[in-house]
Each structure stands twice: as C-alpha cells, then as structure tokens.
Amino acid sequence: MLFAAQLGTIALALALIHRPLGHAMALAYTSRRHLRLERWLYRAFGVDPDAEQSAGAYIRSVIVFSLIGIVLVVAIQLAQPLLPWSLGLPAPRVDLALNTAISFVTNTNWQSYSPELTLGYTAQALGLAVQNFLSAAVGLSVAVALFRALAPAARETLGSFWVDLTRGTLRILLPLSFAAAVVLLIGGVVQNLTAPLEVATLTGGTQSIPGGPVASQEAIKLIGTNGGGFFNANSSHPFENPSAAISLAQIVLFLAIPFSLPRTFGEIVGQPRQGRAIVGAMAIMATVSVVLMTAAELAAAGSAPAAAGAALEGKELRFGIPGSTLYASATTLTSTGSVNSMHSSYTAFGGGMAMLNMMLGEVAPGGVGSGMYGMLLLGIIAVFLAGLMIGRTPEYLGKQLGPREMGLASAAVIVSPALVLIGMALSLAVAGLRESVIGESLLSDGAHGFSELLYAFTSAANNNGSAFAGLTANTLWLNLALGAAMLVGRLAPIVLVLMLAGSLAARRALPETSGTLPTHTPLFTGLLIGTTLIISALTYAPALALGPLAEGL
C-alpha cells in the first residue's frame with residue numbers, strides 16, 4: 001500500500017510537471033530574444049548569438065568546452081591547499097583529480113573518494129557544482145540540436161552551441177535549482193560554511209559533525225541528473241536527505257526534466273503526439289523496472305535477508321524498502337547516480353535490476369538531454385527494423401534514413417556496451433591488472449565480486465556514477481580505466497549524435513503516405529520498447545549471467 005502511494009505520488013507530480021516544463025524548455029530554445037545577461041556574456045566571450053553552427057562546428061565547440069572544463073577542475077583540486085574554506089585538506093593525487101574532473105565534466109559524478117574527507121567547500125562549489133550546471137546544459141544542448149535536425153524544414157545548421165549552453169544554464173537549470181534549493185532547505189538539508197564541529201557523545205567519545213553548502217549543490221545534483229554527493233553516504237546521509245518526504249521530492253526533481261523533454265521535442269518538431277509516444281515508452285519501462293526491483297527486495301531472497309525477515313541491510317529505516325527501491329530504480333534509469341541505499345546490499349536480482357537499468361542505455365527516461373537523444377537513436381533503429389519487415393525505405397518524421405544515418409545511430413548505441421565489456425576484459429584477463437583488481441579493489445569474491453566490477457564499468461560508461469558500494473575504486477588502474485570509460489562514453493555518442501543531426505538536418509521531410517510507419521501510436525511505443533530490450537539483452541546477457549544471475553540462482 002505504501003509503495004503504491006509513493007509511486008502514485010511521483011507519477012502525479014511528473015504528470016503535472018510534464019506539459020508546462022516541456023513547453024517552457026521549448027520556448028527557451030526557440031525564442032529569438034536574448035536576455036540582457038546573456039548578451040553581456042556573449043560580448044564577454046566574443047560569441048555572435050545570431051550566428052548558427054554546422055554540425056562540425058557544434059561538435060568542435062562541445063569537445064573544446066569539455067576538455068577545458070577537465071583542465072580547470074583538475075587545477076582547482078590540485079590548488080586546494082591555497083583555496084579558502086579548504087578545511088586544511090591536501091590536494092588529491094593526480095590520477096584521482098583527473099578521474100574526478102572527467103567524472104563531473106561528463107555528468108557522471110562517479111566518486112572514488114569520500115568527499116567530506118577529500119575536498120573542501122571551495123573545491124566542491126567552484127569546481128564540482130559549477131560543472132553540475134554546465135555538464136547538464138551540454139546534454140540539453142545536444143538533445144535540442146537533434147530536435148532541430150528532425151524538424152520538417154531542411155537546414156544546414158544546428159543552432160549555436162554557445163547560445164544553447166547559455167540558455168540551458170540561465171533559463172532552465174538555475175531557476176529550477178534555486179527553487180529546489182529552497183524546498184530542500186525547508187526540508188532540513190544543511191547549508192552553511194561552518195567547519196566540522198567536534199562534539200562530545202553520550203558515551204564520552206567525540207564525533208565530527210560536518211557542514212557545508214549542501215542544499216545548493218544538492219539541488220543541481222538532482223535537477224541536472226548529476227548525482228555526486230556532498231558526503232560519502234550521498235542521499236542516505238541525513239544532512240543531504242533528512243526524511244522520507246524529502247526523498248520523494250528528490251526523486252521527482254531528478255525525473256522532472258528527462259520526463260518533460262519529450263514534450264519539448266514534440267513542440268520543436270511541430271508534432272506533440274510524437275513526444276507522447278516516447279514518454280509513454282519511458283513510463284512503461286520505468287514502471288516495470290520499479291515493480292520488479294521492489295518485488296525482488298520484498299521477497300528477501302537469500303539466506304541473510306530471509307533470516308532477518310527483510311532485505312533491509314544497507315537501507316535507511318526512514319525510507320524503508322519501497323522508498324529505497326523507488327530511489328534506486330529512478331537513479332539508475334536516469335544518469336543521476338545518487339543513492340539513498342547501498343546497491344551492493346540489495347538481493348542479487350534487485351542489484352541486477354539496477355545494473356540492467358543502466359544497460360538499457362538510461363533512456364527511461366535517462367539523463368538530462370542524454371536520455372532523450374538516446375531514446376531517439378533507438379527510435380531510429382526501431383524504424384529501420386520496421387522498414388526491413390515491410391520492405392520500405394525507413395523514415396522518421398519524414399526524414400529518410402539511409403546507410404549513413406543507420407551506421408551513425410548503431411555506432412552511438414554500441415559505444416557504452418563496448419566500453420563496459422572491454423574494461424571488464426582488461427581488468428580480469430590481463431595478469432597484472434587482475435591481481436590489482438582482485439587484491440586491492442574487490443570486497444567480495446565469486447559472482448558478487450564480479451558484479452561489483454561490472455556495475456562500476458556499466459556506471460562509468462553510461463555516465464551514471466552510482467557504485468555497488470563494495471568496490472575500492474581509488475587505485476591507479478581503476479581511476480584511469482573508469483575515467484577513460486566516462487570520457488569516451490560521453491563524448492563519442494555526442495559526436496555521433498551530432499553527425500547524425502547534421503545529416504538529417506539537410507533532408508527535407510517527405511509527406512506521409514499510406515505506407516509510412518506512424519511513429520506516434522501505441523504500436524510504435526511497443527516497437528520502441530522491444531528494440532530497447534532486445535539490443536540490451538543480446539549485448540549484456542552473458543555478463544549478467546556471470547554476475548547477478550549466477551549469484552541469485
């Protein structure tokens with residue numbers, strides 16, 4: 001009963017948000033008016049806001065901007081001893097600093113460290129929180145560029161990355177984050193610049209009570225589907241997530257933009273019903289995932305949960321099993337990666353479901369921007385498969401799909417699986433690396449140890465950032481390997497998506513005929529779901545069989 005009430009509350013909130021937020025985002029990206037602050041920023045950085053970019057120029061802008069971001073975040077971390085509010089913390093190792101910079105610039109927010117013991121307030125706010133905004137705005141920009149390419153009129157450009165980045169930050173992410181921070185503050189989330197306080201406990205010992213600008217960072221961590229916590233315990237820490245009500249609010253916050261973007265897509269291409277078909281597929285897959293994970297945890301399969309009477313190990317009692325599985329499903333179905341329970345403590349099938357959510361490509365609804373362009377890639381593949389079955393040239397929204405378009409879409413979809421499987425193979429097949437991983441990183445052996453490593457590479461390659469909570473990832477090999485997976489897993493699909501957008505933008509939409517596959521119907525929604533499941537199942541089934549399936553059976 002409690003689970004149904006919580007799930008219904010989230011569904012109702014998202015239904016109320018979907019249309020107005022989707023419409024507001026469409027207006028933000030289609031308006032011809034530049035705000036005064038935006039014009040000032042364009043002048044300061046030498047950007048012509050009325051000049052649009054080709055696909056190649058858009059790609060170069062994204063890559064240069066991302067690489068500069070990595071360099072700056074590394075520099076901030078290494079300069080930490082010189083910064084105010086550093087709390088006396090030293091600079092992290094170079095490999096850890098590089099991993100962290102890549103993580104936050106790519107919207108992954110994987111953390112191989114304990115934040116409150118590694119980074120001071122300035123490094124977290126100036127380096128990490130700023131990238132929370134910018135990386136989310138990059139994802140939105142790429143998605144909107146693809147939306148424009150699928151609009152009916154033929155065009156040679158995709159818009160301006162710098163304008164899209166600025167509008168996504170100032171018009172969407174900042175206002176939503178400000179409102180979210182106020183809600184979190186009212187709910188009890190901490191916001192101060194106080195150094196950790198040493199207090200005496202009832203037993204005569206001492207305890208360090210941390211502080212920090214948590215609410216402001218927590219807001220964009222959720223709104224931007226970033227997920228990096230201010231504290232090592234992330235959203236299971238009472239200073240980040242004080243109550244069951246705030247936990248539900250957090251789930252709504254990181255689902256808000258991804259579930260509203262289909263409406264934005266429908267308005268930009270001039271066919272709102274296309275967005276409804278996509279959001280329907282997202283909602284069905286998300287609901288099934290939540291139900292299956294919750295059922296696995298409530299069944300308490302396994303000797304330890306059966307003895308305890310419930311699978312509560314690793315979960316906060318203030319959230320309970322339903323509140324934990326709702327959060328775990330939502331955070332792995334998006335690219336958020338925030339956690340309010342420890343996924344390694346889940347039952348084998350419950351933890352496996354969290355992995356499968358990421359393996360689906362995080363498209364139900366996925367991250368800010370990335371989930372939507374990932375779903376459109378799968379939609380293009382679904383149209384191609386349908387075209388093969390009926391013997392017609394595939395087209396999506398009137399744009400014909402040739403060998404080039406299908407090659408780009410297929411390549412973008414297989415990037416993440418390739419990174420996961422290559423990373424696993426190197427870690428477990430190369431002698432020196434295998435000993436390092438097994439001896440230094442894995443907490444468990446056997447199938448669960450395999451799952452710890454599989455979860456890490458899946459999380460990194462899909463830019464999720466959550467961990468299985470049993471892996472010690474702060475080693476030279478895993479910092480470099482997971483960093484490479486995060487960087488390639490983010491930039492390679494973006495490059496391929498923008499190349500696809502450039503190819504589609506030049507095509508004028510053809511009129512519908514009696515043989516055109518309608519892509520706004522329940523039939524297409526079902527085809528899209530089937531395509532998503534088949535691609536993931538065929539790719540990851542062997543790896544899942546060696547990890548969570550073997551453990552569960």
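**Close-up views of a predicted model**

View 1. Lys221 counts as buried because its relative accessibility is 0%; buried means under 20% relative accessible area, exposed over 50%, and partly exposed in between (1.4 Å probe, protein chains only). Glu240 is also buried, at 0%. This is a predicted model, in which local features need pLDDT of at least 70 and side-chain atom pairs count only at pLDDT 80 or more, while totals for chains, interfaces and linings use all residues. Residues are numbered from 1 along each chain as its sequence is written, and side-chain values use heavy atoms, with hydrogens and water left out. Lys221 and Glu240 form a salt bridge, with their closest N and O atoms 2.7 Å apart. A salt bridge here is a side-chain nitrogen of Lys or Arg within 4 Å of a carboxyl oxygen of Asp or Glu. The pair links distant parts of the chain, 19 residues apart: Lys221 lies in helix H8 (residues 214–223), and Glu240 in the loop between H8 and helix H9 (244–268). Helices are DSSP runs (H or I, at least four residues), numbered from the N terminus. Glu218 joins Lys221 and Glu240 in a network of salt bridges.

**View 2. Glu297 meets Lys315.** Their side chains form a salt bridge at 2.8 Å, N to O. Glu297 sits in helix H10 (residues 272–299), and Lys315 in the loop between helix H11 (303–308) and H12. Both Glu297 and Lys315 are buried.

**View 3. Arg434 and Glu435 form a salt bridge.** Their closest N and O atoms are 3.8 Å apart. Arg434 is partly exposed, with a relative accessible area of 26%. Glu435 is partly exposed too, at 45%. A search of the whole structure finds eleven salt bridges.

**View 4. Phe265 in the largest nonpolar core.** This core has 148 residues, and Ile257, Phe265 and Tyr396 have the most contacts inside it. Helix H6 (residues 121–150) gives the most to this core, with 16 residues. A nonpolar core is a set of buried Ala, Val, Leu, Ile, Met, Phe, Trp, Tyr and Cys residues joined through side-chain atoms within 4.5 Å. Residues touched by Phe265 include Phe147, Met372 and Tyr396, not counting residues up to four places away in sequence. Contact means heavy atoms within 4.5 Å.

**View 5. Helices H12 and H17.** Helix H12 (residues 320–333) is mostly covered: 14 of its 14 residues are buried. Helix H17 (residues 446–461) has 16 residues, and 14 of them are buried. Asn463 follows H17 and has a positive phi, near 55°.

Terms used: Helices (H or I, at least four residues) and strands (E, at least two) are DSSP runs, numbered from the N terminus. The expected span of a helix is 1.5 Å times one less than its number of residues.
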